[in-house]
Amino acid sequence: MTRAVRIAVVGPVDPRLTSDLRTLPLNPEVRSFGSIHAESEAMASFEPDLLVAHLSEQPAEDVGALRLLRNIWGRIGIVLVTDVAGEIDASAVSQRLDARVLVYPDKPGLLAATIEQALLGGDRPRTDVFHDLAHGMADEINNPLLYVSGHLQLLHANLDPNLERDRREQVRAALDGVHRIQETLDRLRLLSTATQGPRRQDEVDLADLVQTALAARIESPDETARVTIAPGAHVVTGDADQLAPALAEMVRFADAMSAAGTATELTLEALAGAARLRVTLRGQALAQWRLPHTFEPFYPSRLLRGHGHGLGLFLTQTVVLGHGGQATSRRTVDGTLQIDFVLVR
């Protein structure tokens with residue numbers, strides 16, 4: 001059995017941070033240390049997987065110490081904690097350390113995402129870069145799309161349904177295409193807001209949200225994934241306006257994978273203090289699936305030609321991490337791909 005992830009919290013951080021780290025779904029072992037310099041031996045004995053550090057007033061010395069510790073311990077994730085006022089300075093230092101910056105507690109939705117990114121490593125752009133891109137794309141496309149939609153609706157209304165039936169069908173097909181673009185824009189808008197965490201704190205029954213998504217299916221039964229809602233309590237605290245579309249995306253994603261010939265099962269089950277939504281995928285087409293790319297925008301579309309739900313995993317990950325949850329992917333010994341989304345109660 002693998003040990004729990006170990007996180008060393010170093011320096012005068014907000015006392016709430018240690019508690020918030022302990023409540024993350026990955027259930028880490030968290031220990032606090034007063035100084036990078038004075039307690040390096042104690043930290044070495046702890047053997048942390050991740051350092052969460054607040055830089056002192058002399059960051060140059062801290063940078064040198066962190067580099068030394070990384071050389072001794074090998075590849076270890078580093079997160080620099082700061083407030084909004086120190087974000088720019090911390091960002092400059094983070095580039096020298098290949099570290100992540102956590103603005104705490106001013107941006108509560110970023111805690112789980114930052115910790116997960118630091119543990120995974122990699123040199124891809126930060127998640128918030130994708131979110132800013134999503135927001136900009138939605139704004140850029142929305143106005144001309146509304147203009148086109150309005151003209152198409154007017155044209156459709158002015159065509160005689162008896163004498164110009166073919167032209168009306170062509171315009172209706174174009175309107176359907178506009179509607180699909182609008183749905184994509186709605187996903188992008190959700191991405192741009194979900195990173196900041198839930199806007200509301202309600203009791204949300206995930207089983208009800210899954211049932212609602214299932215009722216909206218339009219595919220034939222032989223093209224849909226198997227969905228199981230296990231017995232137990234599936235109520236979490238969060239924003240239903242964010243969680244509902246996220247779970248609906250997972251139902252659509254699972255159905256699309258099933259229709260593409262991949263044996264797919266979606267399961268909602270209760271864990272101790274949490275609820276887990278698991279997508280299980282089996283099939284030869286998954287042999288080329290690279291786990292580190294699982295939640296990248298449109299990765300399924302790039303890997304599986306004809307798959308049209310490339311934002312689903314990325315959107316659901318964003319919502320789950322914004323709620324302080326966890327999103328992971330792994331491959332079992334028999335080649336099965338498991339994608340898990342865990343939300344704490």
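Predicted model: local features only at pLDDT ≥ 70, side-chain atom pairs only at ≥ 80, totals over all residues.

Now widen the selection to the two strands, residues 6-10 for strand 1 and residues 50-53 for strand 3. They pair in the parallel sense over four bridges. Zoom out a bit and you'll find an open sheet of five strands, in the order 2-1-3-4-5, with parallel pairing. Strand 2 (29-33) and strand 5 (100-103) each have a single partner strand, so one side of each has no neighbour in the sheet. Going from one strand to the next, the twist averages 25 degrees.

Next, pick residues 87-97. That's helix 4, lying across strand 4 (77-82) and strand 5, and it runs at about 165 degrees to strand 4.

Time for another sheet. Select arginine 226, then look opposite it for glutamate 265 in strand 9. Strand 9 (residues 263-271) and strand 7 pair in the parallel sense over four bridges. They belong to an open sheet of five strands with the order 7-9-10-12-11, and here the pairing is mixed. At the edges stand strand 7 (226-229) and strand 11, each with a single partner strand, so one side of each is left without a neighbour in the sheet. On average, neighbouring strands of this sheet are turned by 15 degrees against each other, direction ignored.

Colour residues 206-215 to bring up helix 8. It lies across strand 7, strand 9, strand 10 (274-282) and strand 12 (337-344), running at about 155 degrees to strand 7.

Then hop to glutamine 326, which sits in strand 11 (residues 326-331). Is glutamine 326 buried or exposed? Its relative accessible area is 17%, so it counts as buried, the cut-off being under 20%. Show what surrounds it: beyond neighbours within four places in sequence, glutamine 326 is in contact with residues including Pro25, Leu26, Glu116 and Phe341.

Last stop: a helix pair. Select helix 7 (residues 165-194) and helix 9 (residues 240-259), whose axes are 11 Å apart and which pack at an angle of about 130 degrees. That angle makes helix 7 oblique to helix 9, and the crossing is left-handed.

Technical notes: Residues numbered from 1 in each chain as written. Heavy atoms only, no water. Buried < 20%, exposed > 50% of the residue type's maximum accessible area, 1.4 Å probe, protein only. Contact = heavy atoms within 4.5 Å. Axes fitted to C-alpha atoms, helices over the stretch in contact; angles between N-to-C directions. Parallel < 35°, antiparallel > 145°, perpendicular 65-115°, else oblique. Left-handed = near helix turned anticlockwise from the far one by under 90°. Pairing = 2+ DSSP bridges.
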